[in-house]
Amino acid sequence: DSEMRKAMDRAKESLAAAHAQKTAAGRAKAFDAALGAISAAEQKMLFQHGLQIANHERFRSQLRFGLVVDASILQRLDHYPRIAQAIKASGANWVQLVFRSNPEDFAYADLHSFNEYDSIVKELRTAGLKIMGTVLDTGQWPRDLTAPAYTERVKNLVIHYKDDIRSWEIGSELNGDWLGGTAAPLAPDQVYRIYSAGAAKVKEIDPELETVASLYWWEGTSPDDAHALFNWLRHYSRLGFGRNLDVLSISLQPDDNPVGVALESIFERVSQELPDKRLLLGSLGYVEKDQLQGYWWFRPDDVPAAREDLAAFLITAASALPRCLGGGFWWQTLDQMIPDKGRPTDLYRAYADALQRLGR
């Protein structure tokens, strides 16, 4: 690709110019520019490689491109047929369906607790979409959660939907420091024990069901070493984290934790730690409201445009990442792509255009 070659040439020229600088200030400025050029070249390379893989007949059927239906769907029950059709029309083939915390019946022991979700699942399946069920959102873990209570919830959800939902995210962003509440979160060992019990229960019910766990990328911004992705993974993989696990998903929030040239290396290092697991670009988002408050990566002066750029780049690049099933499940789909009033947004159209280029 001529554009990719040009980007690589610019990176080489920028690096050579930085080395030629004589003053410390000049070198600092030039190397900063060189880093930007190198990052742009790498992104161009991953983008082009992702396009090639996604459009290749051998790999096309294996790749997942999905959107998220979170618990806010329960406030829009009259709209879920339209939402399901909009997701299908975007070119997505998967949906991440997040089950609400349901504090009045946390374990889903009462059949009435399934009423709303039964209709949603039926609508998504009728649209031809595959579903990855999320047992409990990362921010909804109660402070008093125990392994037996979680296992009971997992069991009831999985048995009820075992014919329609064959993939389950059992642990969501397990290395976060907010599970159980930010004021007094659960200790990492507690989180790991609870997750492990849930994953084991799924495989006990049906070994053919797919189990997924997600980790949060925040290297350099995590509050301590214990919660950093690679430290957490290194520690718990030696304690059996890979047992009863089929797919490891990586969550990205680039406005809080810039990715840049680290993107491919994240997946390479995770693959080295768990070489027998498939990987997935999981929960993805950029700025919850409209004002950028954290770090930035793409176009920090224009949040809506940055979201469009980020979605188009990452869902394409995901196809080229090591051992990756693709992905890029935009977390705030219902808020930022398919609002309750009006037509789908520009972000939705950018996502759909990107999937069209990927042969969807």
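The largest cavity is lined by Val69, Ile73, Tyr80, Ile83, Ala84, Ile120, Glu123 and Leu124. The model is a predicted one. About 50 Å³ of space lies in this cavity. The structure holds 1 cavity of 30 Å³ or more. By class, the lining of the largest cavity comprises 7 nonpolar residues, no polar residues and 1 charged residue. Two helices, α4 (80-90) and α5 (115-126), each supply at least two residues of this lining.

Helices α4 and α5 also pack against each other. Their axes lie 9 Å apart, at an angle of about 35 degrees. The crossing of α4 past α5 is right-handed. On the α4 side, the contact involves Tyr80, Pro81 and Ala84. These meet Ser119, Ile120, Glu123 and Leu124 of α5. The residues of the α4 contact with α5 divide into 5 nonpolar, 1 polar and 1 charged. Tyr80, Ala84, Ile120, Glu123 and Leu124 take part in this contact and also line the largest cavity.

The largest pocket has a volume of about 760 Å³. Its lining is made up of 34 residues. Nearest the pocket centre lie Asp137, Thr138, Glu288, Trp331 and Gln332. The strands β2 (94-98), β5 (210-216), β6 (247-252) and β7 (278-284) each supply at least two residues of the lining. Helix α11 (333-336) likewise supplies at least two. By class, the pocket lining has 11 nonpolar, 14 polar and 9 charged residues. The lining of the largest cavity, by contrast, has no polar residues.

Two further helix pairs were examined. In the first, helix α8 (residues 229-237) packs with helix α9 (residues 263-273). The angle is about 10 degrees, and the axes are 10 Å apart. Helix α8 is therefore roughly parallel to α9. Leu229, Phe230, Leu233, Arg234 and Ser237 make the contact from α8. From α9, the contact is made by Ile266, Arg269, Val270 and Glu273. The residues of this α8 contact with α9 comprise 5 nonpolar, 1 polar and 3 charged.

The second pair is formed by helix α10 (residues 303-317) and helix α12 (residues 346-357). Their axes come within 9 Å and cross at roughly 25 degrees. Angles under 35 degrees count as roughly parallel, so α10 and α12 are roughly parallel to each other. Helix α10 passes α12 in a right-handed crossing. From α10, the contact involves Arg307, Glu308, Ala311, Ala312 and Ile315. Their partners in α12 are Asp346, Leu347, Ala350, Tyr351, Ala354, Leu355 and Arg357. By class, the contact of α10 with α12 has 8 nonpolar, no polar and 4 charged residues.

Technical notes
Residues are numbered from 1 along each chain as its sequence is written. This is a predicted model: local features need pLDDT of at least 70, side-chain atom pairs count only at pLDDT 80 or more; totals for chains, interfaces and linings use all residues. Side-chain values use heavy atoms; hydrogens and water are left out. Axes are lines fitted to C-alpha atoms, for helices over the stretch in contact, and angles run from 0 to 180 degrees between N-to-C directions. Helices (H or I, at least four residues) and strands (E, at least two) are DSSP runs, numbered from the N terminus. Angles under 35 degrees count as roughly parallel, over 145 as roughly antiparallel, 65 to 115 as roughly perpendicular and the rest as oblique. A crossing is left-handed if the near helix is turned anticlockwise from the far one by less than a right angle, and right-handed if clockwise. Contact means heavy atoms within 4.5 Å. Ala, Val, Leu, Ile, Met, Phe, Trp, Tyr, Cys and Pro count as nonpolar, Asp, Glu, Lys and Arg as charged, and the others, Gly among them, as polar. On a 1 Å grid over the protein atoms alone, a cavity is a set of points where a 1.4 Å probe fits but cannot get out, and a pocket is an open set with protein on both sides within 12 Å along at least five of seven lines; lining residues have an atom within 4 Å of a point. Grid points are joined across faces, edges and corners, and a volume is the space filled by probe spheres set on the points.
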